[in-house]
Each structure stands twice: as C-alpha cells, then as structure tokens.
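Here is a friendly walk through one protein model, meant to be read with the structure open beside it. Please have a look at the fold, and then follow along section by section.

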Amino acid sequence: MANSVIEIKNLKKSYELGGETIHALQDVSLQINMGDFISIIGPSGSGKSTFMNMIGCLDKPDSGKYLIDEKNVAKMNDNELAAIRNGKIGFIFQNFNLLNKLTALENVELPLIYRGLTGKERREKAIHCLQLVGLKERQHHLPTQLSGGQQQRVAIARALAGDPLILLADEPTGALDSKTSKEVLQLLKELNEKGHIIVLITHDLEVAKQAKRIMRIHDGQLFENGGDWLETTRIHQDGAKKYQK
Ligand SMILES: Nc1ncnc2c1ncn2[C@@H]1O[C@H](COP(=O)(O)OP(=O)(O)OP(=O)(O)O)[C@@H](O)[C@H]1O
Ligand SMILES: [Mg+2]
C-alpha cells in the first residue's frame, strides 16, 4: 500500500529475568500510514516503551514482521538500522535527555555532527529548528536556564534536526504541568499538520485523546481505538466526578 510507512505484524518480545519470562509484547500488529498521529496509551509495565524501542529500531523483536518503507528491518545490518534511526525517526523522551553543559543550540546541533554538514550549515539548521519550536531567542541558554516545557521544545527541535518523517515520543508530557503539556501537544499537532507522522506514548487519557488514532496497550497486547473502552473510561471519570460532588 502506497500510504503505508510502517507495517508491524505479529510482533513478539519477551524478557528473561531471574528464571521468569516476561511477555512484554504478545502478537502485536500495527500499520502506520502517512499523516498518522497515533497515541498508544497503557498503564505502567504494559509494554509501551518496549514497543517504542521496536518501532524506533532500538531493539529487535523475538519474532514477527517489521517493514519500514516495505523493507524488512530484521534483515538490516547495524549500519542500515543506524541509517533508519538517524534519517527517518526523531526521538523525544519524558526527561528531555538534553546535555546540561551544552546550550540549546549546541544540543540541537549535536545530531547533525555526523551528517557531514559544515559548521555553518549545522548552525543554520539548528537555528531553523529552534525557530520552529519558538525558541530561537533562547538558543544560548543552558537547559538549566529553561523551563521544563522549553527544555522539551529544545528536545523536539533536536529530534527535528535530522528531518525525520516519524517522531516517536515516549511520555513527552510526563514531566510537565498541564498547561505546558498542552503547549507541547499543540506543537506536536502542528508538526503532524506539516507532514510528520507522530507516535505518542502516554498513560494519560487526556493526552492520548489529542491524537487522530488511539491505541490501547494492555499486558503486551495492542487494541485499536477501542471506542467502547474510551467511552467506558469517560463514564467512569464522570462517575468519579459526580461521586466527588
Ligand atoms: N530490559 C528488561 N529486562 C526485563 N524485563 C523488562 C525489561 N524492559 C522491560 N521489561 C518488562 O517488560 C514489561 C514492559 O515494560 P515497558 O518498559 O515496555 O513498560 P511501559 O508500558 O513503558 O511502562 P511505564 O509506563 O512504566 O514506562 C514490564 O513488565 C517490564 O518490567
Ligand atoms: Mg515506559
């Protein structure tokens, strides 16, 4: 299918720990298309980060099929995998993962060092990305001189520096207050409108609802949308509110 960017079929991943087998992902299938903004919601330990690591080619599944641009990830060598990670995918994490001794600008420039750009080109690209997230004026600030939301926006600029088609965000608002969360979500929406595919991992229903497609992960199994489930949750929340009154 021309529209399909990633196709995941019957993916499985388990961990062996102290003689016990943990089935982190059980038979997970998902097709990711151009224009998608997908949220994956699930409780702690449900397999969200494990799944993100698979989508991001940071880890390999035990079995199952993973195609990106119709190419089989299982057959790629380390160089090909690194090329996918650097060229197709931008990563955003809960704790920003910025280097505290580097300025915002230097943090955004860092992934560009391996791209054979001149220093001037790197700088221009980094400034452009900081401008996209509304932080051009703060380019010389250290992460400690920025608010949490601003730090996350620098991390998003860094993720954008490599012109990735796909942005993978693991709890990007997990460390932010609700107002700042909204700003970061708004930025992700805008990036989606500009053509980036967004995969947003969260345990927060309000955050998950901002996406166009909502997936639920539970005990390593993935369910699309689950309109019933969302409805049930809403009723429960309303019920809880009524109860509190
Ligand atoms: N390296 C590992 N070794 C052993 N078990 C692991 C490892 N990584 C994850 N697990 C287990 O796999 C399951 C899924 O973990 P995962 O990190 O994907 O959950 P999560 O949904 O991201 O949770 P959280 O919301 O707390 O981040 C959990 O039971 C976890 O304990
Ligand atoms: Mg996690």
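By class, how many nonpolar, polar and charged residues does the lining of the second largest pocket have? The lining has 3 nonpolar, 8 polar and 5 charged residues. Please keep in mind throughout that this is a predicted model.

## The second largest pocket

Let us stay with this pocket for a moment. The second largest pocket has a volume of about 270 Å³, and 16 residues line it. Nearest its centre you will find Ser-181, Leu-185, Asp-204, Glu-206 and Val-207.

Two elements, helix H6 (178–193) and helix H7 (205–208), each give two or more residues to this lining. H6 provides the largest share, with 6 residues.

## The largest pocket

Now turn to the largest pocket, which holds about 420 Å³ of space. Its lining is made up of 14 residues, and Arg-85, Asn-86, Ile-89, Phe-91 and Pro-111 are the closest to its centre.

At least two lining residues come from each of helix H2 (78–87), strand E6 (89–93) and helix H5. Strand E6 gives the most, with 4 residues. Sorted by class, the lining of the largest pocket has 8 nonpolar, 3 polar and 3 charged residues.

## Where H5 meets H4

Helix H4 (residues 119–132) packs against helix H5 (residues 148–160) at an angle of about 130°, and their axes are 8 Å apart.

On the H4 side, the contact is made by Cys-129, Leu-130 and Leu-132, and on the H5 side by Val-154, Ala-157 and Leu-160. By class, this contact has 6 nonpolar residues, with no polar and no charged ones.

## Where H5 meets H6

The next helix pair is H5 and H6. The axes of H5 and H6 come within 9 Å and cross at roughly 20°. Angles under 35 degrees count as roughly parallel, and H5 and H6 are therefore roughly parallel to each other. The crossing of this pair is right-handed.

From H5, the residues in the contact are Gly-149, Gln-152, Arg-153, Ile-156 and Leu-160. From H6, they are Thr-180, Val-184, Leu-187, Leu-188 and Leu-191. The class count for this contact is 6 nonpolar, 3 polar and 1 charged residues. If you click on Leu-160, you will see a residue that takes part in the contact of H5 with H4 and in the contact of H5 with H6.

## A loop residue and its partners

Finally, please look at Asp-219. Where does Asp-219 lie? Asp-219 sits in the loop between strand E9 (213–218) and strand E10 (221–224).

Setting aside neighbours within four places in sequence, Asp-219 is in contact with His-23, Gln-26 and Ser-46. Ser-29 is 190 residues away from Asp-219 along the chain, and the C-alpha atoms of these two residues are separated by 14 Å.

Technical notes:
Residues numbered from 1 in each chain as written. Chains lettered and ligands numbered in written order. Predicted model: local features only at pLDDT ≥ 70, side-chain atom pairs only at ≥ 80, totals over all residues. Heavy atoms only, no water. Axes fitted to C-alpha atoms, helices over the stretch in contact; angles between N-to-C directions. Contact = heavy atoms within 4.5 Å. Nonpolar A, V, L, I, M, F, W, Y, C, P; charged D, E, K, R; others polar. 1 Å grid on protein atoms, 1.4 Å probe; cavity = no way out; pocket = protein on both sides within 12 Å on 5 of 7 lines; lining within 4 Å. Points joined across faces, edges and corners; volume = space filled by probe spheres on them. Parallel < 35°, antiparallel > 145°, perpendicular 65-115°, else oblique. Left-handed = near helix turned anticlockwise from the far one by under 90°.
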